[in-house]
Amino acid sequence: MTVLSAKNVTVRFDELAAVSHVNFRATEGTLVGLIGPNGAGKTTLVRALANLILSEGIVKLDGQRLEAIARRTLAQNVAYLAQGQPVHWPLSVRQLTTLGRLPHRAPFQRHGFDDEDKVERAMSLASVTELADRTIDTLSGGERARALLARALAVEARVLLVDEPVAALDPYHQLEIMEVLRRYAEEGGLVIAVLHDLVLAERFCHRLFLMRDGGLLCDGAPHEVLTDDNVQAAYRVASAHGEHDGQRFTLPWRRIDAD
Amino acid sequence: MRQAGGIPLTPTLSPKGRGRDPREREGEGAYPKFIACLCLAALIWGSGPAFAASPERVATMSLCTDQLVMLLADPDQIVSVHWVTQDPADSAMAEQAARYPANHGLAEEIIVLQPDLVFVGPFNSPFAKAMLARQGIPVHVVPTAVTLDDVRANIRTVARVLGVPARGRALIAAFDRDLALTRNALRDADYRALVYGANGYSAGASSLFNEVMLHLGLENVAVDYGMEGWVKMSVEDVVGADPDLLVLGDYRLDAPSQANMVLHHPALTAIRTGKPVVRVPTTLWNCGTPRLAEAARLLAERTMPETAEVSGR
Amino acid sequence: MTNAGPSRPWLVYAGLIASVIGLFTLSLMIGRGGVWLPASENVGADVADIILFEVRLPRALLGLIGGAVLGACGAALQGLLRNPLAEPGLVGASSGAALGAVVVFYFGLFGGQMAVPMGGLVGALVALGLLYGLAGRRPDVMTLILAGVAINAFAGALTSLALNLAPSPFAALEIVFWMLGSLADRSMDHVWVAAPFAAIGLLLVLSTGRALDALSLGQDTAKSLGFSPGWATLRVILGTGLAVGALVSVAGMIGFIGLVVPHLMRPLVGYHPSRLLLPSMLAGAAVMLAADVVVRLPMQGPELKLGVVTALIGAPFFLMLILRSRRAAA
């Protein structure tokens, strides 16, 4: 059983709290959408959950504080895909994906056949198998996003933290990536994805965290979170709702001025 | 400013120097020359009056030691000289030097020649000196001469090390004889003189050309400026010093260099007007050899042809 | 395993090792003006032995060690800083070492032939200490680069000051020569001074391969993959400082090898920083040995300076690489 819990998590940058008093408990088999306006603290929260920045409060994985988990063990269990992930050298997609296996290799241990299978599997999940030998700098935006996701999937971590995985992708590729994340969760992972697209969030996520000003405004099932009041309070927009194939969707429709 | 000759020198790196360093002593036994070296060292270092056996193969690795050795050794004793000494622009003895195989200051070139004595200057590569010393080849460092007495001392030392002290005495005597012809030759003119040449360098106190000027009875303006050794002077310094006599050191006049551009500076042309400007080739005074007497003679002659004629002939 | 880079990595390794062995041998055999090792019938067996083992062997060994250090450290720094223009001099240790050697050599501290390398080592360590002081305990890449640039500038200024105040034109010339690098007439003592530092430095640098791979995805991702960017940075900087500082202490400044060699290797072994380290080390050794053979070839005039030859070969080659990669990108 995978349980990721946050208790009173607060991150300060020079006294200014980017994330304040966040509490939640999330379990495996869940795709959590982390939504909220720009500057709400979504990226900061994700980085704190990945133990990349110091935070006050307690983040626990299976009851163990992140700080207490050995660096390599933590890396094997929590994968992180940064927003606008840079790739500094023109690596091939396979080389890039293989980097995801690094936490599983002991010092001096060579890359084994087992790893190769997992790399193939990750590439296949992210539909980049045909691109395996292409270098990252020759890919289109959608291909690149999928390749980067393949790298994160290759870690085969129980917790996958992804920051804006579908930003700047066309609808086709957005849907494709959301499907991959949902499948990852349904196969037993816990995925926390930072999203901006409310339609995608509502359609694919099991659960949504709506953030505003560093705090969790609302946490629950999509239809509970994306109410008119919540959307207006967080985003300062009025929303429209519709339904298709038995699923509800929410569209931000009109700006609402503060006064 | 420190002068070249002020650098602390080890007069002989080998073989006596070896005895002090236990690490270096290892492996010496492999070379039969070591015993010979020790004897040589004893003779170099001891104040013993005469040198028993002359070295048969002498290599020399710098412009100034090359010239002293060529003046003192038998031609067939010399196995190599430095390549610069073969260049007439740098060397007063280029023609003679051209007879010998040139070295370029590298230890390997010297080791192949298997010399039993090597002369170097203070500015030879320390790595080359150490390498030769390690091979048990006696390396004799001849310090840079900055006074006429240094010249005599260097001649004496080189002659002794070469095993020809009598030849050294003769050379010094000839040098002194030549110098005597020009002593105070220009004193009556009461000139404040300045030498200026190659790259804007002048000669301050503790320098050979200063000695030559003093010898001629000239006053060296650069000394008044508190300058010592080879000193860099700007055109402004030269104009400010306002010498009565400007001595220009000729060095590769045809080569396009900063040095020669300085010599053609209009400001210098201006202060030169109406004052004696004398040219003396640098090759005559860039090393502490008896050629300095010739530098003195040329300077005297060219400054005051009549006087020099009278006292010189 | 297959990947886009090397089709046959073992072929690259075999070629590099063969070149290093070949050039090492050539460095032992070739002398001034391109003449072969003097035959023993001309000079006597003992003299031939001396030249081979006491003159050319240390020189070839230093070429081997120095080239390996420059190649590996160059590749590691480019990986660490994720910048293809990084080179070992960036750390500041080499200019510190050069300054230390120059100070010892020309300002009255010359006692024994090992004083120059020792001064160089002290200079390199002081520069590293300064870097640590400037960049702080948790160094980030940008601070390190800036601190390195500052140290380089300051050490360079002090070296220029030494040049400026040199006791004579000859001394000035010697300082300039030191800045140009040379392996001529170095002895086994120099090898013993440089080798331990080079070995420690190389071990530190080579140990960072996987961390450098992870760092190609940025600091955060490297951390999420279980690596500490700060620890990797420390190892690369310290390793480079020790190894390159020791090299500069015995041989003077030798540029371009650390910059160019990783670029030479990338088309052969791919862009993986970890897979670049060993080939760059071998190729660095080969290039340095080759350059040190080239300096001996001219018959006339002084021996060429090693740093001059590496720059002469390196600069146009670098230009060519850039032009070619631009053409490929277009």
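pLDDT is the predictor's confidence in each residue, from 0 to 100. This is a predicted model, in which local features need pLDDT of at least 70 and side-chain atom pairs count only at pLDDT 80 or more, while totals for chains, interfaces and linings use all residues. Residues are numbered from 1 along each chain as its sequence is written, with chains lettered from A and ligands numbered from 1 in the order in which they are written.

**View 1. Confidence along chain B.** Chain B has a mean pLDDT of 77, with 75% of its residues at 70 or more. Over residues 1-52 of chain B, pLDDT stays under 50, and the model has 81 contacts beyond four places in sequence for this stretch. Two residues are in contact if their C-beta atoms, placed from the backbone, lie within 7 Å. Residues 308-313 of chain B also have pLDDT below 50.

**View 2. Domain 1 against domain 2 in chain B.** Domain 1 spans 4-176 and domain 2 spans 184-312 (bounds from an automatic or database domain assignment). Contacts join 21 residues of domain 1 to 17 residues of domain 2. On the domain 1 side, helices H4 (63-72), H8 (148-162) and H9 (165-182) of chain B each supply at least two residues (helices are DSSP runs of H or I, at least four residues, numbered from the N terminus). H4(B) gives the most, five residues.

**View 3. Chain C against chain A.** Here 19 residues of chain C are in contact with 26 residues of chain A. Helix H9 (209-215) and helix H10 (219-224) of chain C are the elements giving two or more residues to the chain C side. The largest share, four residues, comes from H10(C).
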